[in-house]
Amino acid sequence: MYRNQLKRAFLFVFVFSGLVAFSQEKTLRFSLVEAQQFAIENSYQSQVAEKEVLKSKRKVKETISTGLPQVNASGNYQQYLEVPVQLVPAPIFGGPEGEFEEVFFGTEQQMGVDVRATQLLFDGTYFVGLQASKVYLELSKNDRMKTETEVRKMVTQAYGNVLVTEKNVEILKQNRDNLAENLKETKALYENGFVEEQDKDQLELLLANAKNAYEQAVRQIEISKNQLKFAMGIDVSEEVELSQSLKEITTENQSETYLSEEFNVQSHIDYKVINTQEKATELLWKQQKSTYLPNLSGFYSYQQNSFSNEFNFFSDSRWFPTQVIGLNVSVPIFSSLGRNQRVQQAKLDYQMTNIAKKQVEQQLLIQAENAKSEYTFALNQYQTRKDNLELAERIYQKTKTKYDEGVSSSLELTQANNQLLETQGNFINAALQLINAKANLDQALNTY
C-alpha cells in the first residue's frame, strides 16, 4: 500500500516537474542582438522578402527556358455528320457530256496526332530579357537587405520601448511605496497631534495619483511587449523576456567614435537599390530598341493521320505519317511610329531614374548629417537628465529628512516629490530618445 502511494507521489512529482520545465521552455529570452537576428529570420517582413528572392530566382529560370527547345503535342478527332460532296464532270467516269457526277471526297471520321518542336535561334528581346531577369533578382536581394535593416531598427526601438516601460514601472512602484510609507508615518503623527490634517490629506492625494500612474504603467508593459513580438514575428501568446537592462542598452549607445568616420554613400542599401533600378530601366530601354531586330526560330513537326468511315483507328485503320522541318522569320517593317514612341518612353524612364539616383545620393548625405546631429543632441540630453535625476533624488531625500524631523512642511515634500517624478520622466524619455536616435543613426550610416 505504502509502495503504491510512493509510486503515485513520484509520478506526480515527475509530471509536475515536466510541466514546469515545459512552461519554462516556452519563455523566450533575448538580448538586443539576439532579438534582431531572430526577427531577421522570422519577422513577417523578412519572410515576404525571402519569398520575393526565391520568386526572382524562379523568374530567371523561366526567362532562360523561353530560349530553350519547346516541344508540344496535340491531337484531333472529327466526324462528319454529312460528308462534303464535290461535283466532277461525268465524262471522267464515262458519263455523257455536260453532266456531273456527285463524288464524296474523304471519310466520315478522321483522327490525327502532331508533335511539334521549336527552337529560338535569334531574338534581341530574349537576350536583353536574360540580363533584365538577373537585375530583377538583384533588386529583390537589395530589397531583402533593406528589409533586414528596417527590421533591425524596428526591433531596436521596440526592445528599447519595453525596457523604458519596465523602468518606468520600477520608478513608479518605488514612488508609490515611498508615499505609502510616508502616509503611514504621517497618519501616526496626525493621530498624536503632531501634524495637521492637511498634511495627511495631501499625502493621500499623492498616493492615489501614484497608484493610478503605476497601474497604468503596468498595463503598458504588455502592450510594448506585444509590439516587440509583432516586430520579431512571434505569436502574441508566447512569453518573452529581455536579458538586457535599460542601463546596458543606453551604455552601449553612448559612443561617438564612428561620428567622425567618413560616410560612404555608395555602400548604403538605399543607394544600391536605386543603382539597380537604374540598371533595370536601362535594360528596358535596350529591350524596346531590340524590337527593331528580326526574330528567327526553327521548327520540326511530325504528324500521323488516319481516315475511316468507322471508329476503328486503333485496330484496322491505317496511319499516314508526315514530317516537316523549317524556319520562321519575322522582320518588323513599319509600326506607324508606335515602336519608336515606346523606345523614347523607355529612354525617358532611364533618364528619370538617373535623376532619382542623384537625388537619393544627396538625401542620404543629408540624412546622415541630421542623424549624427540628433544623436549627439540625444546623447548630451541623456547625460544632462541623468545628472538632474541624481540631483532631484538628493533634494527629495533631504526634504524627506527635514519633513520627518518636523522642519519641512508637507507642501515642500509634495513639491520635492513632484519634481523627482518629473525628473524621472524626463530621464526615461531621454533614454528612449537616445535609443531611437542611435537606431536612426545606424540606419542612416548603414552600420546595421
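Which residue in S8 is the bridge partner of Leu296? It's Val329, and that pairing is a handy way into the sheet. Before going further, a word on the ground rules: this is a predicted model, where local features need pLDDT of at least 70, side-chain atom pairs count only at pLDDT 80 or more, and totals for chains, interfaces and linings use all residues. Numbering runs from 1 along each chain as its sequence is written, and side-chain values use heavy atoms, with hydrogens and water left out.

Now the sheet itself. It's an open one of four strands, in the order S2-S5-S7-S8 with antiparallel pairing. Strands here are DSSP runs of E with at least two residues, helices are runs of H or I with at least four residues, and both are numbered from the N terminus; two strands pair if DSSP finds at least two bridges between them. Strand S2 (70-79) and strand S8 (319-330) sit at the edges with a single partner strand each, so one side of each has no neighbour in the sheet. From one strand to the next, the twist averages 15° (axes are lines fitted to C-alpha atoms, with angles from 0 to 180 degrees between N-to-C directions).

Walk across it strand by strand. S2 is joined to S5 (residues 109-122) by ten bridges, running antiparallel, and Ser74 has Asp114 in S5 as its bridge partner. Next, S5 pairs with S7 (residues 295-308) over 13 bridges, again in the antiparallel sense; here Gln119 stands opposite Gly298 in S7. Finally, twelve bridges join S7 to S8, also antiparallel.

On to the helices. H8 (338-404) has 67 residues and spans 92 Å from first C-alpha to last, close to the 99 Å expected at 1.5 Å a residue (the expected span being 1.5 Å times one less than the number of residues). Just after H8, Gly406 takes a positive phi of about 80°.

A pocket, on a 1 Å grid over the protein atoms alone, is an open set of points where a 1.4 Å probe fits, with protein on both sides within 12 Å along at least five of seven lines, and lining residues have an atom within 4 Å of a point. Of its 23 lining residues, Lys167, Glu170, Ile171, Leu389 and Phe427 are the closest to the centre. H4 gives the largest share, eight residues. By type, the lining divides into eight nonpolar, eight polar and seven charged (Asp, Glu, Lys and Arg count as charged; Ala, Val, Leu, Ile, Met, Phe, Trp, Tyr, Cys and Pro as nonpolar; the others, Gly among them, as polar).

The second largest pocket has a volume of about 240 Å³. Val164, Thr165, Asn168, Ile428 and Asn429 are the closest to its centre among 16 lining residues, and H4, H5 (197-232) and H9 give two or more residues each. Its lining has seven nonpolar residues, nine polar and no charged.

Last, the salt bridges (a side-chain nitrogen of Lys or Arg within 4 Å of a carboxyl oxygen of Asp or Glu): the whole structure has 16. One joins Arg29 and Glu241 at 3.2 Å, N to O. That pair links distant parts of the chain, with Arg29 in S1 (residues 27-30) and Glu241 in S6 (residues 239-242), 212 residues apart.

Methods: Points joined across faces, edges and corners; volume = space filled by probe spheres on them.
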